[in-house]
Amino acid sequence: MKKKTKGNSFLYSGAVLSGVMTLLILLGAFWTPYSPTAMDASAKFQPPSPAHLLGTDNFGRDIFSRVLQGADSSFLIALCVVLFSCVLGVLIGSLCGYYGGLADLVLTRICDSITAFPAILLALVVVSLTGPGAGNVVLALGILFIPSFARLTRGEFARCRDQNYIKSARIMGVGSFRILFRHILPNTFPVLLPAVTIGFNNAILSEASMSFLGIGVQPTEASLGLMLSDSQTYLQSAPWYAFGAGGAVVLLVLGFSLLSEGLQRQNGA
Amino acid sequence: MKQILRKIAALIITLFLVSLLAFLAFQVIPGDPTTKLLGTEATPEARAALRSQLGLDRPVLARYFAWLAGVLRGDFGESYSYHMPVWDMLSDKLPLTGLLTGLSFLFTLLLSIPLGVLAGSIRSRALDNLFAALDQVVMSVPPFFIGMLACWLFGLVLRLFSPGAFVSYEDSWTGCLAYLVFPALSIALPRTAMTVKLLRGAIRQEMEQDYIRTARSRGGSRARQLLWHALPNALIPVITFMAVSLAEIMTASIIIEQVFTVPGIGRLLLASISNRDFPVAQAIVVLLAAWIVLVNFAADLLYQLADPRIRLR
């Protein structure tokens, strides 16, 4: 009981913040106050005002609308990355953990070596193979994030494998597939859920860094990292450009990291 | 001793594999470097001649061993774009990135240990939550955004330095170091927040152990319990994390160099990737990868030195 009250302030504030951000992003998918691409030569570099909540950029475009659109695509990319890597990672991890053997040994070694390298460095190499673009960012980060999920799931499955409820299920003639995904998988959720939120944050941050470096999402598409890279040129004349785009990244990441911290504390970790 | 020898053997094998993978990655890249060098209208004969001159017509493994033999002698090949030895392009940029990484690591170390001990010793629940929340906020800011904020606040508003006007260490050592303080801090802050979180957790855990209760019952002050008894044990997991940090800091400096226009290897790497200048990109990736492997190896050794219980096993 004591642990629950302690974790809840993080869980609640994280849920509220990420909930608000998700709602804003959903809103941005259907409606933005201005068109994100509408240029207005008479309204260049306007500081934040009631008409333009976050000001306007070098083309007189409304930054709030552009942040909504950029956050939208960053969110979508991160979601795809996490879905891709989580599904594959859980699949690999569960099979390795449950069956063990030589394949487990080899795959674990490979995963360990991949996680030893910073994601950005590997993403740079992968993107120089595939070329930049939103799809390739998803592919690069998706592959790079598999090991973290595989490692976690492997450990959990190896731990559950020899427990009595699994043994009895096996004796009762339950099929391997059902044991893996109906009996063991739900038990890994308390560990998996914080990992998903952390993975989501890493995806947001990595995508932003890659787009910032020009090896991620390309200029005709929208991304918060791309906006930050643009805004750097106008740091002197229009600092609100950077604040708007950067603030969105920070709030998005903060919401989910509070959420994962809350979840972990709830688990008593 | 036997264990250390085995670890060194594993290290050499890992370095070999890492260099092979990095080499192969840049060989399967679509896009013929001869197109870049000769333009799209070159005749097939001219291309073939250049390919054999660059050695691109030989089998991949033969090229790898030729390249590796060169690397071991300090010869990283020749840049496609600038027609000069890759090593000459790297040699004046490596110390700069090294300096930035070192400075940043130093800041992380100097900030996170006192702050971690402080966070671990807070006894008020509200204060502890406040500190943890603050920590979480700092962790959520990407280093390049901190860099931009620093450029804006300290560079453009307070005019403590001029962003973009990098001072080469050849001109002035102190000027160069002073310029690197802000980029280094931009990388160090989120890293510090992560280390503080880890150290805080480790100290909390140690403070509940029996040996601390014994120390308390013997009348040791709380500062002595914390610093003399709990801290050394709490630092053991931090050592491994610090090794990861050292690798992450090095790659974060690739990004930060763009923000502060520091002419280090990060900028060179990005330029060479977009120019398809693979010998340069390959050399940098291999060097960074070797660095990461070596740092992890050093952490592994340090970890054993720090904790005799692991050595005994």
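Visitor: Is Asp57(A) buried or exposed in this structure?

Guide: In this model, which is predicted, Asp57(A) has a relative accessible area of 0% and is therefore buried, since a residue is called buried when its value is under 20%. Arg61(A), at 11%, is buried as well.

Visitor: With which residue does Arg61(A) form a salt bridge, and how far apart are the closest N and O atoms?

Guide: The general idea is that side chains of opposite charge can pair when their charged atoms come close. Here the partner of Arg61(A) is Asp57(A), and the closest N and O atoms of this salt bridge are 3.0 Å apart.

Visitor: Which side chain of chain B meets Glu261(A) in a salt bridge?

Guide: The side chain of Lys197(B) does, with an N to O distance of 2.6 Å. Because Glu261(A) belongs to helix α9 of chain A (residues 239–266) and Lys197(B) to helix α9 of chain B (residues 173–207), this pair joins two chains. As for accessibility, Glu261(A) is buried with a relative accessible area of 8%, whereas Lys197(B), at 29%, is partly exposed.

Visitor: How should I read the salt bridge between Arg200(B) and Asp128(B)?

Guide: One begins with the distance, which for the side chains of Arg200(B) and Asp128(B) is 2.9 Å from N to O.

Visitor: Which residues gather in a patch of negative charge on the surface?

Guide: The patch is made up of Asp88(B), Asp92(B), Glu170(B) and Asp171(B). To take one of them, Asp92(B) sits in the loop between α5 (86–91) and α6 (94–121) of chain B, and its relative accessible area of 38% makes it partly exposed.

Visitor: Turning to aromatic residues, how many aromatic pairs does the structure hold?

Guide: There are 18 aromatic pairs over all chains. One of them is formed by Phe177(A) and Phe181(A), a tilted pair whose rings are 5.1 Å apart centre to centre, with 55° between the planes. These two residues lie in helix α7 of chain A (residues 176–213), separated by 4 residues, or about one turn of the helix. Phe177(A) has a relative accessible area of 63% and is therefore exposed.

Visitor: What geometry does the aromatic pair of Phe16(B) and Tyr64(B) have?

Guide: The pair of Phe16(B) and Tyr64(B) is edge-to-face, with 5.9 Å centre to centre and 70° between the planes. It links distant parts of the chain, for Phe16(B) is in helix α1 (residues 2–27) and Tyr64(B) in helix α4 (residues 60–72) of chain B, 48 residues apart. Phe16(B) is partly exposed at 36% relative accessible area, while Tyr64(B), at 0%, counts as buried.

Visitor: Which residues of chain B form one aromatic cluster?

Guide: Phe154(B), Phe161(B), Phe166(B), Tyr179(B), Phe182(B) and Phe260(B) form the cluster.

Visitor: Turning to the backbone, what is the phi of His83(B), and where is this residue found?

Guide: Phi of His83(B) is near 50°, a positive value in a residue other than glycine, and His83(B) is found in the loop between α4 and α5 of chain B. With a relative accessible area of 53%, His83(B) is exposed. Arg159(B) also has a positive phi, near 55°, and lies in the loop between α8 (143–157) and α9 of chain B; its relative accessible area of 59% makes it exposed.

Visitor: How many helices and strands are there in chain B?

Guide: Chain B has 14 helices and 0 strands. Its C-alpha atoms fill a box of roughly 85 × 60 × 35 Å along the principal axes, and 45% of its 313 residues count as buried.

Methods. Residues numbered from 1 in each chain as written. Chains lettered and ligands numbered in written order. Predicted model: local features only at pLDDT ≥ 70, side-chain atom pairs only at ≥ 80, totals over all residues. Heavy atoms only, no water. Salt bridge = Lys/Arg side-chain N within 4 Å of Asp/Glu carboxyl O. Buried < 20%, exposed > 50% of the residue type's maximum accessible area, 1.4 Å probe, protein only. Patch = residues over 30% accessible without salt bridge, like charges linked within 9 Å, V, L, I, M, F, W, Y side chains within 5 Å. Areas by Shrake-Rupley, 256 points an atom, 1.4 Å probe, with all protein chains shown as cover. Lys, Arg positive; Asp, Glu negative; His and termini not counted. Charge placed at Lys NZ, Arg CZ, Asp CG, Glu CD. Phe/Tyr/Trp six-rings, centres within 6.5 Å; stacked < 30°, edge-to-face > 60°.
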